[in-house]
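Please consider the sequence and structure below before reading on.

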Amino acid sequence: MSNETANRRAAMPTVANPILERRTVENSNRNLLKHLQPGLAVLDVGCGSGAITRGIAERVGPQGRVLGIDPGETLIADAQRHTAEVPQLAFQQADLFNFETDERFDMVTCARVLQWLNRPEEALVRMKNLLKPGGILAVLDYNHERIEWSPEPPAAMQTFYAAFLKWRQDAGFNNAIADHLRDLFERNGLEEVTVETQFEISRKEDAGFSVASRIWAEVAEIRGPQLVRDGYISEEERLRAIEEYDQWIATTGESMQLYLLAVEGRMSQP
Ligand SMILES: C[S@@+](CC[C@H](N)C(=O)[O-])C[C@H]1O[C@@H](n2cnc3c(N)ncnc32)[C@H](O)[C@@H]1O
C-alpha cells in the first residue's frame with residue numbers, strides 16, 4: 001500500500017490518549033536510564049505528548065538539551081504546555097522523514113515508533129545520521145506476534161487483535177519489528193549493538209493489572225474506529241471486543257505480557 005495509507009494509519013487519533021500519558025522514562029523506557037546524565041543532548045523521535053521526554057529532560061538537567069519531535073499537531077501542542085518551566089526541553093512538530101537540522105545528538109531515542117513506519121530501515125539510517133560520533137541510538141519496540149495472555153482472551157478480542165495486526169501489516173508495518181532490530185542496526189554500521197528484553201508484564205495480583213491489561217480495550221476504543229472505517233471489522237465486533245475483554249479483566253484474566261526489546265548501538269568514532 002502507499003505511503004499515504006501508511007501515514008494515515010500511523011497518525012495518532014486526536015482523542016485523549018491515556019496510554020501515552022501513563023508512561024514515564026522509569027516505567028516505560030528504563031533502558032535509557034543507564035545513559036542519561038547531566039549535559040547530554042538527546043533527540044526523542046516520535047515523542048507523542050512528551051511524557052517520557054520530560055523524564056529524559058529532568059535527568060540531563062539544565063546543562064543538557066532535549067528535543068522531542070512528532071508529526072501529531074495535537075500531541076506536540078500538549079507536549080509544549082510543559083516546556084515553560086524546563087528550559088532544556090523543546091518540542092517540534094516534525095515527521096522524521098522530512099526532519100532537517102544541523103544539530104547532532106549524544107543520543108537519539110525512538111520508542112514504539114518504528115512499528116508504525118512502512119520504511120523502518122530508512123528511518124533508522126536517518127536517526128543514525130543525527131548522532132554525534134560515538135553517540136547512541138536507542139530503539140524500543142514490539143513484536144506484536146509474541147504477545148501472551150493467560151488464559152486466552154475472549155474470542156471477540158482475538159478477532160479484534162487479528163484484524164488490528166492485519167490492518168497494520170497491509171499498511172506495510174512490521175508487526176514483528178523488535179526481532180529485526182539487531183540486524184537493522186548491524187547492517188547499517190552501528191557498533192556495540194546490545195539487545196535487552198523489556199517485556200511489559202501485568203498480573204492479576206498487581207495493583208495496576210486492570211489499567212495495564214486494558215491497553216487492548218483502549219486500542220479498540222482509540223484506534224478501532226479506523227479499522228471499522230477501513231472495513232477490517234464491524235462496529236458491533238469492535239464494541240463486543242471491548243465489552244468482553246473488560247469482563248475478562250474483571251473475572252478470569254490472570255496476566256498479559258507485551259513483548260518489547262530495547263536495542264542500542266553506537267555511532268562509530270572517526
Ligand atoms: C505509540 S506512540 C509512542 C510515543 C512515545 N514514544 C511512547 O513510547 O510512549 C508512536 C508515535 O510515533 C509518532 N510517529 C508516527 N510516524 C512518525 C514519523 N514519521 N516521524 C516521527 N514520529 C512518528 C506518532 O505520532 C506517535 O506519537
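Glu192 is exposed, with a relative accessible area of 58%; exposed here means over 50% relative accessible area, buried under 20%, and partly exposed in between, with a 1.4 Å probe and protein chains only. Glu192 belongs to strand β7 (residues 191-197), and its phi is near 50 degrees, a positive value in a residue other than glycine. Strands are DSSP runs of E with at least two residues, helices are runs of H or I with at least four, and both are numbered from the N terminus.

The model is predicted: local features need pLDDT of at least 70, side-chain atom pairs count only at pLDDT 80 or more, and totals for chains, interfaces and linings use all residues. Residues are numbered from 1 along each chain as its sequence is written, and side-chain values use heavy atoms, with hydrogens and water left out.

**Backbone geometry**

Most residues other than glycine have a negative phi, and most peptide bonds are trans. Arg112 also has a positive phi, near 60 degrees. Arg112 is placed in the loop between β4 (105-111) and α6 (120-128), and its relative accessibility of 6% makes it buried. The peptide bond from Ser150 to Pro151 is cis, with omega near -15 degrees. Pro151 sits in the loop between β6 (148-150) and α7 (155-170).

**Ligand site**

| Protein atom | Ligand atom | Distance |
|---|---|---|
| Asp95, polar side-chain atom | nitrogen | 2.9 Å |
| Ala111, polar backbone atom | nitrogen | 2.9 Å |
| Arg112, polar side-chain atom | oxygen | 2.9 Å |

Taken alone, the ligand exposes 600 Å², of which the protein buries 94%. Such accessible areas come from the Shrake-Rupley method with a 1.4 Å probe; for residues, only the protein chains shown count as cover.

**Pocket and cavity**

Rolling a probe the size of a water molecule over the atoms shows where empty space is left. On a 1 Å grid over the protein atoms alone, a cavity is a set of points where a 1.4 Å probe fits but cannot get out, while a pocket is an open set with protein on both sides within 12 Å along at least five of seven lines; lining residues have an atom within 4 Å of a point. Grid points are joined across faces, edges and corners, and a volume is the space filled by probe spheres set on the points.

The second largest pocket holds about 270 Å³ of space. It is lined by 14 residues, and Arg22, Arg23, Ser28, Glu200 and Ala212 are the closest to its centre. At least two lining residues come from each of α3 (25-28), β8 (200-203), α9 (209-212) and β9 (255-258), and β8 gives the most, with three. The lining comprises seven nonpolar, three polar and four charged residues.

The structure holds one cavity of 30 Å³ or more. The largest cavity is lined by Tyr142, Asn143, His144, Ile147, Tyr161, Trp216, Leu258 and Tyr259, of which six are nonpolar, two polar and no residue is charged. Asn143 lies in the loop between β5 (131-142) and β6 and is buried at 4% relative accessibility. A polar atom of the Asn143 side chain is 2.9 Å from the backbone nitrogen of Glu145.

Helix α10 (residues 215-222) is largely enclosed by the rest of the structure, because seven of its eight residues are buried. Trp216, which also lines the largest cavity, is among the buried residues of α10. Ile215 and Ile19 are 196 residues apart in sequence, yet their C-alpha atoms are 7.1 Å apart in space.

Leu40 occupies the loop between α3 and β1 (41-45) and counts as buried at 15% relative accessibility. Leu40 and Ala57, 17 residues apart in sequence, are 9.2 Å apart from C-alpha to C-alpha.

Key:
Nonpolar A, V, L, I, M, F, W, Y, C, P; charged D, E, K, R; others polar. Polar contact = N/O pair within 3.5 Å; in protein donor to acceptor, adjacent residues only side chain to side chain.
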